[in-house]
Amino acid sequence: MTFTSPTSKPKQHLIITPSSARTTTLVFIALLFLLVFVGAVENWFGIIDKLNANTQLQASLWSFAHADVLLMIVLFLPVVGGFAQLAFGMRAVKWRDRMVMGATFINLALSLLIYPNAIDGGIHLEFPQALGLGLSFTLDMLGYTMVLITNIVWLFVMIFTHVYMGAEKRSTRFYFFMAITYTTVLGAVMAGDLFTMYLFFEIMTVASYLLVVHYQQEDSNRAATTYIFMGLVGGFLILIAMMLLYFEVGDLQFESALGALNQLGAVRYWIIGLLIFGFGVKAGMVPVHIWLPKAHPVAPTPASALLSGIIIKVGAYGILRVATSYYFPNSNIEPDAVWLTIENVGFLVIWAGIITMSVGVFMALQQSHIKRMLAYHSVSQMGYIITGVGIAMYLGDHGAVGYAGAVYHIVNHALFKSLLFLVAGVVYHHTHESDMYKLGGLWKKLPVTTFVALIAALGISGIPLFNGFISKSILHHGIVEAVHEGSWIFTLAEWIFIAVSAGTVASFIKLMYYVFFKKTTETYAQIGFEWDGMNAAMIALAGLIAVIGLAPNFIMNRFLLPQIRSMNFDPHFVEEVLSQLNYFQGSDLLTMLMVVALGTGIFLVGKKFNLFHLHLPRWLSVEYLIVFPWYMLMYRSCKLIDRKRHPLDPDTEKMISTDQSNPTGFLERFQITVNRFNDRYEKPFIQNDALIYVGLIVIILIFAIIRLI
Amino acid sequence: MISQLPIINLVALLLMAIMVPFIKKISFRATLWLGGILLIGVLVSSVFIFIHVANVGDIIYHFGDYESFLGIEFKVDPFASLFTLFVGTLAFIIYVYSSGDKTEGIESPEFSRYYVLYFLMLFAMFGILYSNDLFNTYVFIEIISLTSCAIISIKRKKEPYPAAFRYVLLNEIGSLSFLFGIAMLYMISGHLNIDLLANTIQSGWTTLPINIIFAIVFMTVGLSLKAAIFPFHIWLPDAHASAPSTSSAILSAVVVKIYILVLIKLILKVFGVELFASLGMDTVLLIFGGAGMIMGSIFAMTQKDLKRMLGYSSVSQIGYIVVGLALMSDLGLRSAFFHIISHGLTKAALFLSVGIVIYLKKSRSVKGFEGLGFQIPIAMTVFGIAAFSMIGIPLTSGFIAKWNLGIAVESASQYIFLGVIVISSLLNAMYYLPILFAAFLKDNPEHQEKVSIEKIPAAMLLPIVVLGLSILLIGIYPNLLMQLIDLVIARL
């Protein structure tokens, strides 16, 4: 008699491992929570009415949901989780990951609970004395929208990270700084005054640096250095603006400061200009966007997803917040003149946004590296958001369309851009190839990934029934409104807007074609289908994209309109135009059809004539044009200074010469030059000491006597 | 009794300096312990003095009961007592560190000599702050010059000698300029006491204005030379580079600040702000300070030797203090005082943590930092905190200092200096961050092979941890310090 136990059979390849089942369940529960949240907010089946009937339960729930301390828990839970996983991470990877995901999940659940509190007028918490000026936190619906989208995207990216980074080195450090970045992002969007916002913003720059530099290769070091220095420059610009504002206004709370600002001359333009540039560095606004396409390709995929999905949004959020608080009047009954400052600035900001979106999409069409292309699309999409912010400023009390469009696009872009980066990560994970021209035919091997990539591409291209369409058509309405109420010149902006949308369509047709659908001889035999947490997280994000596209009114009515009504926009305009907006009207759909046709045309022409491989010659590149005169100047001055007694030694001369082939960097040349000047000043012993002392004392004496006379 | 405490402090420090060679013969450890206990005693008494002065009133002490115009007078106001507290605290922290760091180039016979000089220097610094007499101040300044010169060149190596020689040369020029200024003032008023001089300055201004101009210019330039204000900084980097790290720390964090405090005393108490400003000296200081803020950082960026780099960084930070002072307003003074204390803590933390690196690696090269974050994590973390404070990242005291300076600069409508602050901060970032990156983000093949981390004495680690924590504490609750500074300014 033979007895075969079930275990002795040849083990079948499990499609679903226990760990992926767990993560899938987590994704499922999170989605369920979101569903319950939507149900409760929309009062499905009269669920809220039933609750209200039971007064005792209702009272206890009410007090729980209105506890202000929830806000602080949501803010600091990630850091606590981060430190906990730091303690665990050395011993057990399994528990570390569970802890991180658990903390993020609880954070999402708690932030859903805050909704009633946020919509009933918001939360305000203060910590006077901290850092001298006192910190304060305010959560209104704008902040809450940001908190919620941050939490949602963060959870799914975290689940993705758990699978993606599982086997990598130094992942504990990655999780730790991810947690700190998480808290600082939440802090920046919850901030009640500019000082608190700056505090979190600055720490966010430093913490996210470690996410970008994670692989510690030569190229990632270089890109991360660009990232942190540009971030610091942006931070310092904000700091100057903040000092000016604090000194002139005396308070940094996010409320109208027009009374004091209108007393000032040009300083009020300086303040808003510095703030826009300072936040614009993070937001990837065009003259200061250069860190973005450098940092994304080298950062680990989850870091790129969060960077593009969330962190750059904080920059846009900052511009929106400071512009609509300090520069908006206290009540809308005041004369039109009070809007003048912000309207003038808004005019420029719209154009900054238009330029940003067109440069971004133009550069994106030239790229072959998937992530770099997505990064340029982030620049371009941030252009949409900045345009929306600009419209909100430019149209004054009718700016609600731009405001809604900008915030809506922040939400949408967070979803589809993080999903696109995750897709790029999955493709790289399986093929170790990032050049889209070398890929192809992946749809057979990665059907789930192809499916979600398609949804994300439809979302970002603004195809109806997907979320990008909604916010883009609101923004389009905004530009049309600007043409009507403002200057005819915005007709040009509208054309560019349509052209950029077409470029986006072309670009994503290109991406989908080259990566997933192109015929190729490569078989990718090593890729086997496996269901894991990455797929679950991506499907969840794709689902959200589709749901928002199908039911756009939920976010509009429950998140954006309450915020807009609490601000000083013209109530007639809001009720009659914005809340009646029909997204699926014929003219919008026709415009979209035109955009798709144009985009397909661009793609076909570009493919046929190889236009996607155009590159500008070296001497036309901006860096070269700016840098070369300095090289020349430094070389000449090094040669000239003290030529007789201490001629330039040949090695140094070789280092600093202006040859085309000389690889010496700007900083090194600068150091050589400075050292040469410094040596001249400091080295010669007694002679120079006497000279400096006597010379300066004589000069100061003469100066003092002249001043006296 | 409490009015005797300042004198007791001075005498105790002086006695300790004299006693060191004798007690050392019995046991060197006992000397160290005794010195430490004595410093704690001085600190405690300084705290008592401060509380007394803040609540009751200034302590005025006449030596030998001579009248003010005849004898030497000590006047302990909140200004003097706050800064003696600052000097005493930092001196104690650095003392504890130095008692652990026996290696770096100082041979054991010199080690006791080092403490003689250290206590003498402390004695002189306390004296300068307490004294209300210009000539007396000059004497104490000379004591500091000579002792600090000896402390710089205490190593038995040839390398520091030129630096020390230059240091003593320039410092003597500075002292003599100061003395020349005193002589000019004595000529018109016949007084050396600060209060009495201040009363006669106005009448002297009508009779002999040229004397006062010369006095102001010579005294300012003399003190600038000693305080290493920008175009006169030439001696500082070399002196820092070759000195032992504890000497660099006390020199950069405390000694240099003393001269600025003397300058503040002169401007506010002797000449008066209006007179000083009417000669355009505030403009001169503003230009020096602003130029120093930027040039110091640029020079620092190009250094290969870490301690020279920190020296240039001091030049740039002194520029911040000078700008605050040159604004000639209460806000400016507030920011200058805050920056003096904040920079004292930060620079001491930097020099001491670099001291640990030198202790470990016996090299001062900027390049040698790769992977150090894993070998000496505590020291490098403190270095990181201090570096962030220098750059002005929030949560550190450096940020508050910058914020205060920015507000002060605006209140004087010198908007251009906002740009200067930002450029200087950015340059600071450009030389501090690469070190941190190298320490924490570069893998060093050496340290992976090494199994155990080399032990650092606790006496060296504890002080820098205290410094790092106090940078954070002041950064998060600056009002602790701000209240004291406001009190000082109100009573100045």
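In chain A of this predicted model, strand β1 (residues 123-127) and β2(A) run antiparallel and are joined by five bridges; strands are DSSP E runs of at least two residues, and helices H or I runs of at least four, numbered from the N terminus, with pairing requiring at least two DSSP bridges. Within this pair, L125(A) has F137(A) of β2(A) as its bridge partner. Strand β2 (residues 135-139) of chain A is mostly covered, five of its five residues being buried (20 or more other C-beta atoms within 10 Å of the residue's own, C-beta atoms being placed from the backbone). L135(A), F137(A) and L139(A) cover one side, and S136(A) and T138(A) the other, all of them buried.

Residues are numbered from 1 along each chain as written, and chains are lettered from A in the order in which they are written. Local features need pLDDT of at least 70 and side-chain atom pairs 80 or more, whereas totals for chains, interfaces and linings use all residues.

Turning to chain B, the axes of helix α3 (residues 78-100) and helix α20 (residues 458-476) come within 7 Å and cross at roughly 155°, the axes being lines fitted to C-alpha atoms over the stretch in contact, with angles from 0 to 180 degrees between N-to-C directions. The two helices are therefore roughly antiparallel (over 145 degrees). The contact (C-beta atoms, placed from the backbone, within 7 Å) includes I93(B) and Y97(B) of α3(B) and L462(B) and V466(B) of α20(B).

Between the chains, the contact takes 39 residues from chain A and 37 residues from chain B. On the chain A side, α28(A) gives the largest share, twelve residues.

Key
Parallel < 35°, antiparallel > 145°, perpendicular 65-115°, else oblique. Contact = placed C-beta atoms within 7 Å. Buried ≥ 20, exposed ≤ 12 C-beta atoms within 10 Å, placed from the backbone.
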